[in-house]
Structure formats: C-alpha cells, structure tokens
Amino acid sequence: MVRSVIGGRAKAELLTTAPRFLSISVHPLNFVPPRLSSTQRRERFEKIYKLYLEGYSYRALGRQFGVSAERISQILHQNATPEELKTLDEAIRGRCTPSYIFTEIDELLETGTPHKIIAESLKVSIDTVKKASVRRNRRLTKSCKAA
C-alpha cells in the first residue's frame, strides 16, 4: 500500500489506498499542557482561590482555566496554606444550602411566588429555587399517585 515514506506522504497514501472500513485516522496532539513553574502555579492558585471566594463555582472556574471542575478542586486543596484551607472550608460549607431554606422555598412556592423573587428575598441562587421546585413537584406527583 505505501510505496514511499517521505514526511506526511506515507500517511496520505495509506489513507487513500486503504479500504473505507480499514481507514486509519491519525490526529496530531493538539494540546499539550504546559509545565508550570512553582511561581506560576502559585499565581494560578491565587487567581482561582480569589475567584472561588467571590462565588464562582468549580465548573465555571474549570471552563475559564481550561481544566475540569475536579482539577479546580484539587488545585485549591493541594496548594492552600492552612489558613487558606480553613477559609476555603468555610466557603464550601457556606455554599451548602441548609434544609430550612428549602422549607421556606417550599412555602413560597405554594403561594405562587415566582422563582426570581424567591431567590432575591432569600438571597439564594435561582438554581437553588429551581432545585427545590423540582423536589416539591416530585413529592406532589408521588402523593397524587399514591392517592
């Protein structure tokens, strides 16, 4: 199939002469993560740390820095000093919605209050209100089926 191997020509000849079901695709490595020096790592950590404390989620930070949400979590926890780790843990605990908030959201949903107004009055995200609404709808659907 391949007569000559000169640069990329061998690959091209192989792909054009091979039957369709045997075609081989060769993709160059498009992205190689750069090796960061310790100062660059620390600068990246400080940016991520600051943005996380401002309210950005792991997912949003991952998109911004080109890594996964899990990697953002690893970067934050591996590079934090004990004081930063304590602040980070407090921020993480502060983001967890207490159960009494869901009770208040349920009560406001029963009165027909719009999601946006509930979120603003309770100072929670609109996603939290939507999550509570979905839970409430599931409970109502189960109780209707049981009756």
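**Exercise 1.** Which helices each supply at least two residues of the lining of the second largest pocket?

*Solution.* The model is predicted. Start with the lining residues: Tyr52, Ile92, Arg95, Cys96, Thr97, Ser125, Asp127, Thr128 and Lys131. Helix 5 spans 82-95 and helix 8 spans 126-146. Ile92 and Arg95 are in the lining, and their numbers fall in the range of helix 5. Asp127, Thr128 and Lys131 also line the pocket, and their numbers fall in the range of helix 8. Helix 5 and helix 8 are the answer.

**Exercise 2.** Find the element with the largest share of this lining, then sort the lining by class.

*Solution.* Helix 8 gives the largest share, with 3 residues. Now sort by class. The tally is 3 nonpolar, 3 polar and 3 charged residues. The volume they line is about 250 Å³.

**Exercise 3.** What percentage of the 147 residues counts as buried?

*Solution.* Apply the cut-off: buried means under 20% relative accessible area. By that test, 20% of the 147 residues are buried. Then take the surface. The accessible area is about 11,300 Å², and carbon and sulfur atoms hold 55% of it. Finish with contacts. Among those with a separation of 6 or more, 39% join residues 24 or more positions apart.

Methods:
Residues are numbered from 1 along each chain as its sequence is written. This is a predicted model: local features need pLDDT of at least 70, side-chain atom pairs count only at pLDDT 80 or more; totals for chains, interfaces and linings use all residues. Side-chain values use heavy atoms; hydrogens and water are left out. On a 1 Å grid over the protein atoms alone, a cavity is a set of points where a 1.4 Å probe fits but cannot get out, and a pocket is an open set with protein on both sides within 12 Å along at least five of seven lines; lining residues have an atom within 4 Å of a point. Grid points are joined across faces, edges and corners, and a volume is the space filled by probe spheres set on the points. Helices (H or I, at least four residues) and strands (E, at least two) are DSSP runs, numbered from the N terminus. Ala, Val, Leu, Ile, Met, Phe, Trp, Tyr, Cys and Pro count as nonpolar, Asp, Glu, Lys and Arg as charged, and the others, Gly among them, as polar. Buried means under 20% relative accessible area, exposed over 50%, partly exposed in between (1.4 Å probe, protein chains only). Contact means heavy atoms within 4.5 Å. Accessible areas come from the Shrake-Rupley method with a 1.4 Å probe; for residues, only the protein chains shown count as cover.
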